[in-house]
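Morning, everyone. I've got one structure to walk you through today, so let me put it on the screen.

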Amino acid sequence: AASQNQQSTAQGAQKKAELGLQMMLNSLKEAETRKLAELAKKLEELQNQVANLIRRQAGHNLDNLALQGGDRINKLETAERQSLFDESERDPKAAMAVIDLGGLSGGQEQTERNTRDISKMAEDLPNGTEPADHLTDAADQMERAIVSLRDSKLADAYTPPQTEALAALEAAKKIIDAQKAAVDQK
């Protein structure tokens, strides 16, 4: 059209093409925004579930120490002891609830199963391999602790399996928190 000196027809066609491209770009941006919102929601759910796992595992660790008797909890370094109470959302000044070995073992088994389920959920997310690996490692450590608990070997269940399980959960949460912050920023 331009070569036939039909300038207005050529300009009109170019405007239509530009408008079509702009509409496509807007559609892509809206789709990306929806995907990011969905991912943010899934990451927030994962954050909450991992925080719950940390709370439960810290509680199992405290229960194990209480079952070991004596002043085992008070022999921990102050920071470690305070961290366990904070993460388990328990009051260090309140009396410890009495739990038996069967209850501790059963609770640890449930936490291990939940951790495996949540690791599968994490694995399905974009960039979910690393947190899923930490969650799987935590579940493996919990499984080792369960074996020791069944054999009534409380100290062997606590160190290293239960402490490493808690550390692996914390590592997974740190990664998930960073991923959630990055999605929120986008």
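Quick housekeeping. This is a predicted model, where local features need pLDDT of at least 70, side-chain atom pairs count only at pLDDT 80 or more, and totals for chains, interfaces and linings use all residues. Residues are numbered from 1 along each chain as its sequence is written, and side-chain values use heavy atoms, with hydrogens and water left out.

When I say helix, I mean a DSSP run of H or I with at least four residues, while a strand is a run of E with at least two, numbered from the N terminus.

Okay, start with α1, residues 7–68. This helix has 62 residues and spans 90 Å from first C-alpha to last, close to the 92 Å expected at 1.5 Å a residue. That expected span is 1.5 Å times one less than the number of residues.

Now, packing. Two packed helices are described by the angle between their axes and the distance between the axes. The axes here are lines fitted to C-alpha atoms, for helices over the stretch in contact, and angles run from 0 to 180 degrees between N-to-C directions.

So how do α1 and α5 pack? Their axes are 9 Å apart, at an angle of about 160°, and the two helices are therefore roughly antiparallel. For the cut-offs: under 35 degrees is roughly parallel, over 145 roughly antiparallel, 65 to 115 roughly perpendicular, and the rest oblique. By class, this contact has 21 nonpolar, 9 polar and 6 charged residues. Contact means heavy atoms within 4.5 Å. As for the classes, Ala, Val, Leu, Ile, Met, Phe, Trp, Tyr, Cys and Pro count as nonpolar, Asp, Glu, Lys and Arg as charged, and the others, Gly among them, as polar.

Next pair: α2, residues 78–88, and α5, residues 154–185. Their axes come within 13 Å and cross at roughly 60°, which makes α2 oblique to α5. On the α2 side the contact uses Glu80, Leu84 and Glu87, and on the α5 side Tyr158, Leu166 and Glu170. That comes out as 3 nonpolar, no polar and 3 charged residues.

Staying with α2, which of its residues are buried? They're Arg81, Leu84, Phe85, Glu87 and Ser88. Buried means under 20% relative accessible area, exposed over 50%, and partly exposed in between, with a 1.4 Å probe and protein chains only. The cover over those α2 residues includes α1 and α5.

Just past α2, Glu89 takes a positive phi of about 60°. Glu89 sits in the loop between α2 and α3 and counts as exposed, at 64% relative accessibility. Asn127, in the loop between α3 and α4, also has a positive phi, near 60°, in a residue other than glycine. At 63% relative accessibility, Asn127 counts as exposed.

Last stop, inside α5. Gln162 is in that helix, and at 1% relative accessibility Gln162 counts as buried. Leaving out residues up to four places away in sequence, Gln162 touches Gln57, His60, Asn61, Asn64, Gln108, Ala145, Leu149 and Ala157.
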